[in-house]
Amino acid sequence: MRLLMLSTILLASVIPLAAQAKTDADSVQQAFSDFDVEGVLVLLDDNSGERVTNNLARSQQGYIPASTFKIPHSLLLIEAGLVKDEQTQFVWDGIKRDYNSWNRDHSFASAMKYSVVPIYQKLAVALGERRMSQGVSLLNYGNNNIDGGLDRFWLDGELAISANEQVQFLQRLYHNQLPVSERSQRIVKTMMLNEANSDWVLRAKTGYGVRQNKKIGWWVGWIEKEDTTYFFAMNMDIDNVKQLPYRKAIVKQALTHLGVI
């Protein structure tokens, strides 16, 4: 009788948890459906280790990281001494480009914020192929493959990372557990600040890449709250640039429905 009662209790505890997980996954999927796009969001609770996603298969699929690579890239540049800190200044080269925000001087922090590709491309060349390859492998970032051009491999080359791998990488960064100095990790986390209020702090980075005619949008980062931190990584198929604002909108809608923000 005791065994039967124990089994009943255990079953009763498992069913609500499973039902809740399905409800959470449905809430995430609804955010994508509301914007009529295909994609995945992975959400990881730092305290409990609970992971929520709307698409298990896609969460494990590697995609070009695009400008989300500026997170590990920045770590390597600071470690190499090519950039001192987030206040390091870069003078505009005078070449007018499509994005107005690129056509001015920048600090290292604003170069990340506005995804100023030309600055990071020049810094990648200065870092060199050997140090870049060793650094990406040291950080164990995605598939560690920098083929496709030293100044382009993260935009349309062979580097690929999954949403699951993104949250794992971010969690290690948050806890200063990457194999680089704590100073470098703290500087990059400062550069990632997006929003803050009395309830939470948001640190994140967007990305938009095109590889073999496949357009992918990213938003990765974390929400710091008093009781825990939630890491997130979303990627979505992009049909036209008008959909780029959906990256943040989808994540925020899902996080709101899940009670994170």
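Which side chains meet in a salt bridge at 3.2 Å, N to O?

1. In this predicted model, the side chains of Lys214 and Asp237 form that salt bridge, at 3.2 Å from N to O. The pair joins distant parts of the chain, with Lys214 in strand E7 and Asp237 in strand E8, 23 residues apart.

2. Lys214 counts as partly exposed, at 36% relative accessibility. Asp237 has a relative accessibility of 18% and, because buried means under 20%, counts as buried.

3. Asp237 also meets the side chain of Arg58 in a salt bridge of 3.0 Å, N to O. Here too, distant parts of the chain are linked: Arg58 belongs to helix H2 (residues 56–59) and Asp237 to strand E8 (residues 229–237), 179 residues apart. Both Arg58 and Asp237 are buried.

4. The structure contains nine salt bridges. Another of them pairs the side chains of Glu224 and Arg203, at 2.7 Å, N to O. Glu224 is in strand E7 (residues 214–224) and Arg203 in strand E6 (residues 201–211), so this pair ties together parts that lie 21 residues apart in sequence. Arg203 is buried, with a relative accessible area of 17%.

5. Helix H5 (residues 117–127) is largely enclosed by the rest of the structure, because eight of its 11 residues are buried. Among the buried residues of H5 are Val117, Ile119, Tyr120, Leu123 and Leu127. Just after H5, Gly128 adopts a positive phi of about 90 degrees.

Note on methods:
Residues are numbered from 1 along each chain as its sequence is written. This is a predicted model: local features need pLDDT of at least 70, side-chain atom pairs count only at pLDDT 80 or more; totals for chains, interfaces and linings use all residues. Side-chain values use heavy atoms; hydrogens and water are left out. Buried means under 20% relative accessible area, exposed over 50%, partly exposed in between (1.4 Å probe, protein chains only). Helices (H or I, at least four residues) and strands (E, at least two) are DSSP runs, numbered from the N terminus. A salt bridge is a side-chain nitrogen of Lys or Arg within 4 Å of a carboxyl oxygen of Asp or Glu.
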